[in-house]
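How do the chains of a protein assembly meet one another? The report below looks at the places where they touch.

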Amino acid sequence: MKKLFSFVIAMVLFGSLIFSACGTDSGKIRVATDATWAPFEYVDTAANQIVGFDIDLFTEIAERAGIEFEFVNVEWDPLLAGVSQGTYDAAISSITIKEDRKTDMDFSDPYFIAKQVIVTKADSAIAGVSDLVGKKVGVQSGTTGDDEASAVDGVNVTGYDEIGMAFVALRSGQLDAVVCDTPVASGYVSKYSDLKSVAEFPTIEEYGIAFPKGSKLVDKINDALAEAIADGVIDRLVQKWLVS
Amino acid sequence: MEKYKKDAPNRELSFVTGGEVNLRQDAWWWLVVVVAAVIVLLVMLQPVPFKDIVVFAKSGILVTIVVTVVSYFLMLILGLAGGLGRLSKNKLFFGISSLYVEVVRGIPLLVQLIGWYFASPVIIQKLGLWLGIEALIQYRVNPIVTAIVAITVCYGAYMSEIVRSGISSVPRGQMEAARSLGMSYFQAMRYVVLPQAFRVILPPMGNEFIALLKDSSLVSVVAVADLTRKGREFMAAHFNPIETWLMVALLYLIMTLIAARVVSYIEKRSKFER
Amino acid sequence: MPEPIIIMENVHKRFGKVEALRGIDLKVNEGEVVVVVGPSGSGKSTMLRCINRLEEYDEGSVIVDGIDLNNPHNINTVRSEVGMVFQGFNLFPHLKVIDNLTLAQRLIRKREKTEAYEIGMQLLHKVGIPEKENAFPGQLSGGQQQRVAIARALAMNPKVMLFDEPTSALDPEMIKEVLDVMAQLAKEGMTMIVVSHEMGFAKAAADRIIFMDEGNIVEENSPELFFSAPKQQRTKNFLSKILQM
């Protein structure tokens, strides 16, 4: 038993060493992203690297602004909370600029315009937003897709922790439709031939980079962003990531 | 002092030792083998995506194991203190430990995790502002440490009750005999009561480990890159929820099955130990 | 005349509303063997357990070998000088017999392993079961367990031995072996206080018999006088009930 005890003590010390090291300051700014939203930010599992539209965009911007940074891959809820608390210096993660979010964080200028799209099974009769009335619609809880679908009167909205689960439910017939961001929808539609994209919601949303309130980085980033847009970076990235 | 082998072991079990016990052991190990075989088959027959999932999730498995093991042993210590407190005649110790147990048991672990992760930095920072301590103002939450603390505190409350009932099951006469020989309360606990209580506590202790292993998946919600989080990342990159979650479930299953075998082994060994 | 080794003065003990001890005055000299008898509920065990403070008394004082038990710091010291043998033996079931005997020696008397072992074996010889050194308590008969319990208490070299109904839980054929050990101990001059119903032992080994009823010491006398010429009516009633066996 003594051996087991000392092994455990060693494990605890070892573990705490490793994990306390994670918190050390390397001088680079920490940029949070929830790498589970292809093609904007996701993990290239073979190379174990975070990749995507947002990833490339921020890399370009940081280069122009002369900022050293590192990405931190965190879950969505801690990401938002972390930005507002200042745990992270910035976050780029398909974050829609919303008024109620502005009370907790600052945003850069918008860098992308996104729409919500309806996805159904290939043989579905649903053709537009008005056809969703009385139907079962899946969304990812807390996203703008959730907001949009719920705003339509008479729609039966089911929230899922992850959009992937909503698509599973759609394919198995438990849902009539799924509403989510256009790029993400394209990923699923191109993979599964029994799904199709139907129509987009008329309202648009804009993605922005989030910062803790009062952050000094906002202006620098905005300047670099404007430069990047002028250089055609956005168009290039759209070609690379969004045109399949 | 020679180790006895031929003498009859603890008399309560002498009718159990023998072929019967071994048979039950074998059946359980078969289950482990079956699950392992399924995993291996999936990886070999359909490496895309199953092998990729396993390879990618490796670091998550390590994190899950470390979080589980570290939290477990810390909560044992907390549980021992809490259990002794719940049995204490001292009103302060009794009060604090009872309050701790009742409050913590009344809140779901997920809520506690979220509370620790999101609320504690705010509280600490405000405290720092109020007291003017720079270090506190600059406090940034460390996800893994916070997760381990949350799990330890939560499971410690349940462990306290397990310890308390285990100690209560030891006849009062044991403590009396030890004290009448002149032993202090702590000596009596350490050498006489706790070793006997341990045998009663051991099975539920094992259950708690397995429960903890599964509950560790909750830490993915608070920014810890465990197996569940890795599964989520893989699935988002490849749009294949069913295959991903199947493999993740199998990986959790094999960990809990192995843990259950280890617990069972320790239980058996402790019955014949000194 | 040296000071009595045990002095109890006006000891009161209440359990809730029930008064278990109503002002006990008792003096026991070194080397004396005192047997305490009485009906159940009379407070005999409670009084015994006050001497090593397993029970906390509410009023009065208990002084053992000059050490005042009212001071909580003295409790462990007193307990190592006072050995106790319980009705239920209370051997440590997770330890071998020999370890039962050596545990307290090593922890409290701070004796080395070998020294404690030798003392333990000596005592096992003394109580007649040296061959059981490596057995576990669960493997012994009741009489054997009680003898080990006596040896365990003796291993601490106590000045006083307390016996709380040591044979009441034993099958009749095992009572004698335990009483023999106790009688031998008495002969060797150990100060003993024995709560028991074994009148034969009382007659043979006691220097004094104390009769308790309802929390009071009703009568005390030498064995001959106690049995032949009881003074109090209550004593007479009690004796008539007991001696009808």
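A salt bridge is counted here when a side-chain nitrogen of Lys or Arg lies within 4 Å of a carboxyl oxygen of Asp or Glu. By that rule, chain A and chain B share four salt bridges, and in one of them Arg232(B) meets Glu162(A) at 2.3 Å, N to O. Between chain B and chain C the rule finds one salt bridge, in which the closest N and O atoms of Glu176(B) and Arg49(C) are 2.7 Å apart.

This is a predicted model, in which local features need pLDDT of at least 70 and side-chain atom pairs count only at pLDDT 80 or more, while totals for chains, interfaces and linings use all residues. Residues are numbered from 1 along each chain as its sequence is written, chains are lettered from A in the order in which they are written, and side-chain values use heavy atoms, with hydrogens and water left out.

The table gives the contacts (heavy atoms within 4.5 Å) and the buried area (accessible area, 1.4 Å probe, that two parts lose on being put together, summed over both).

| Chains | Residues in contact | Buried area | Share on carbon and sulfur atoms |
|---|---|---|---|
| A and B | 34 residues of chain A, 32 residues of chain B | about 3,000 Å² | 66% |
| B and C | 25 residues of chain B, 30 residues of chain C | about 2,500 Å² | 59% |
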